[in-house]
Amino acid sequence: MVRRVVITGMGIYSCIGKTLEEVKRSLYEGKSGIGVDNMRKEYGYRSPLTGIVERPALKGVLDRRLRVCLAEEGEYAYMATLEALRTAGIDVDYLEKNETGIFYGNDSSAKAVIEAHGVAVAKKDTTLLGSGAIFQSMNSTVTMNLSTIFRLRGVNMTISAACASGSHSIGLGYLFISQGLQDIVLCGGAQETNHYSMASFDALSAFSIRTDDPTKASRPFDAGRDGLVPSGGAASLILEDYDHAIKRGATIYAEVVGYGFSSNGAHISQPSDVGCAAAMERALANAGVTAADVDYVNAHATSTPQGDTFEAIALDRIFGASRPPISSTKSMTGHECWMAGASEIIYSVLMMQNSFVAPNINFETPDEYSRKLNIADKRVEKNIDLLLSNSFGFGGTNSALVIKKGTTQP
Amino acid sequence: MKREEIESTVKNFLIEEIEVEEKNIVPEALLKDDLGIDSLDFVDIVVIVERNFGFKIKPEEMAGVRTLSQFCDYIESKVGDK
């Protein structure tokens, strides 16, 4: 039997806010979280632009042993998960008594690796690296730490799928619950924002260099876009079996009704309209809906010349007839990379709950592809019953999720 | 280095870096059972001792060290005034 899967908790720690309420306000007002990181200039970045995310102060909040093993992205994930569990009405006592799983997106822990390397080079002795280095350095650092902190005893693994990691984590949580393998899964995505984390990405000259006006730098679909702005933080969602949620008396924020995926099987960094469209079509089919049923599309669009073009072609192919409003929240947040697929579900659900489409800020001049789309250059007050959210990543990994408005109706 | 200075430095890093409660820091305290120092904490103590006292703890030399006082004896044997 295939079970329904609902979102019963959400938590976010990002450059546009550290609570759901603050983030909702930023989305509504079209507020950018982009700024300049001077450490990046000193380190030799071509672009010092980034989402500005404050590091949480966890001393006195979290036990030393737990803190020592937590890398920066893990700290963000911890903060987001606290809020997600609180909104889900789940406490540690509940987690100890009820099996809960975790699928969380993360695809680097550069700072931990580079700092450990620095000590090894200076001391020529690995026993001086300290106890936290290994637990902070592995790609699975977020899931290994969150499962330890929150006493999770169900499925436990990290999803590393480049900039689609967070989206795939939700897709897999949805599949595990719908198949009856788990009742509750903590899903999400985390992204470090330190100056080490994006150097090799900056090496590709993929970042905007509009440093004179940082909040204008991320401009998905705009003809004048010159690259993405990296960003980060973490987003956590509690996915739950519908009947389980009803029995528990949980608030139902939204329902995950479709997951689609594909792989381009082509170039390592060049996007593909065929691959993007395949993921969207599969998600719509999985949800049992058509493109015409979709009230809003949260685009992946990162503000790179190539990526936005290929997504626009795919969006026009699928949504050209129904023309739902489309926006890329990356215009405000920058590209939250490993976190983006999860945070953008939260952004979209906040819009759904509050009946508005957040603006694709800085969309001033369409290009030949984006002019065919119904891009929301300003906020649109609108009821949203069904939405689709895209995430695409290096290596041609594509993910699309279809989300339905939360209801307690059977 | 004088014994008092060694004890003061050890007490300070146990409180500040290992976050041991100050009231538990007495000479006869057992490192593991009374101060809660586990094998991973000890990995960090090796780093801290190297930074504060300039030598590397050898695990085999620590075999008989169970109390805080014995730990300070060990450090004194390495860096104490002769």
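Mentor: Two strands pair if DSSP finds at least two bridges between them, and the elements named here are DSSP runs, helices (H or I) of at least four residues and strands (E) of at least two, numbered from the N terminus. What you see is a predicted model, in which local features need pLDDT of at least 70 and side-chain atom pairs count only at pLDDT 80 or more, while totals for chains, interfaces and linings use all residues. Residues are numbered from 1 along each chain as its sequence is written, and chains are lettered from A and ligands numbered from 1 in the order in which they are written.

Trainee: In what order do the ten strands of the open sheet in chain A stand?

Mentor: The pairing in this sheet is mixed. β5 (156-159) and β10 (326-327) of chain A each have a single partner strand, so one side of each is left without a neighbour in the sheet and they stand at its edges. Read across, the ten strands of chain A follow the order β5-β4-β6-β7-β1-β8-β14-β13-β9-β10.

Trainee: Over how many bridges do strands β6 and β7 of chain A pair?

Mentor: Strand β6 covers residues 184-191 of chain A and strand β7 covers residues 233-241, and the two run in the antiparallel sense. As an example of their pairing, A:Gly188 has A:Ser236 in β7(A) as its bridge partner. The number of bridges between β6(A) and β7(A) is eight.

Trainee: What angle does the direction of helix α4 of chain A make with that of β1(A)?

Mentor: Helix α4 (residues 72-88) of chain A packs on the sheet, where it touches β1 (5-14), β4 (101-105), β6 and β7 of chain A. Axes are lines fitted to C-alpha atoms, for helices over the stretch in contact, and angles run from 0 to 180 degrees between N-to-C directions. With β1(A), the direction of α4(A) makes about 135°.

Trainee: How many residues of strand β13 of chain A are buried?

Mentor: A residue is buried if 20 or more other C-beta atoms lie within 10 Å of its own, exposed if 12 or fewer, and partly exposed in between, with C-beta atoms placed from the backbone. In a regular strand the side chains alternate between the two faces of the sheet. In β13(A), A:Leu386, A:Leu388, A:Asn390 and A:Phe392 on one side and A:Leu387, A:Ser389, A:Ser391 and A:Gly393 on the other are all buried. For strand β13 (residues 386-393) of chain A, the count of buried residues is therefore eight of eight.

Trainee: Which residue stands opposite A:Gly393 in β14(A)?

Mentor: β13(A) and strand β14 (residues 397-405) of chain A pair in the antiparallel sense over eight bridges, whereas strand β9 (residues 296-298) of chain A joins β13(A) in parallel through three bridges. Three residues lie between the strands in the hairpin of β13(A) and β14(A), where A:Gly395 takes a positive phi near 85°. In β14(A), the residue opposite A:Gly393 is A:Thr397.

Trainee: What distance separates the C-alpha atoms of A:Phe261 and A:Thr397?

Mentor: A:Phe261 is found in strand β8 (residues 254-263) of chain A, and it counts as buried because it has 22 C-beta neighbours inside 10 Å. A:Phe261 and A:Thr397 are 136 residues apart along the chain. The distance between their C-alpha atoms is 7.6 Å.

Trainee: Which residues touch the most other members of the largest nonpolar core?

Mentor: A nonpolar core is a set of buried Ala, Val, Leu, Ile, Met, Phe, Trp, Tyr and Cys residues joined through C-beta atoms within 7 Å. The largest one has 116 residues, and the members touching the most others are A:Leu237 and A:Leu239.

Trainee: Where does this core lie relative to domain 1 and domain 2 of chain A?

Mentor: Helix α15 (residues 340-354) of chain A gives the most to this core, with nine residues. The domain bounds come from an automatic or database domain assignment. Domain 1 (7-248) and domain 2 (259-405) of chain A both give residues to the core, so its place is between them.

Trainee: How many residues of domain 1 of chain A are in contact with domain 2 of chain A?

Mentor: Two residues are in contact if their C-beta atoms, placed from the backbone, lie within 7 Å. The centres of the two domains of chain A, taken over C-alpha atoms, are separated by 21 Å. Domain 2 of chain A takes part with 56 residues, and the number from domain 1 of chain A is 61.
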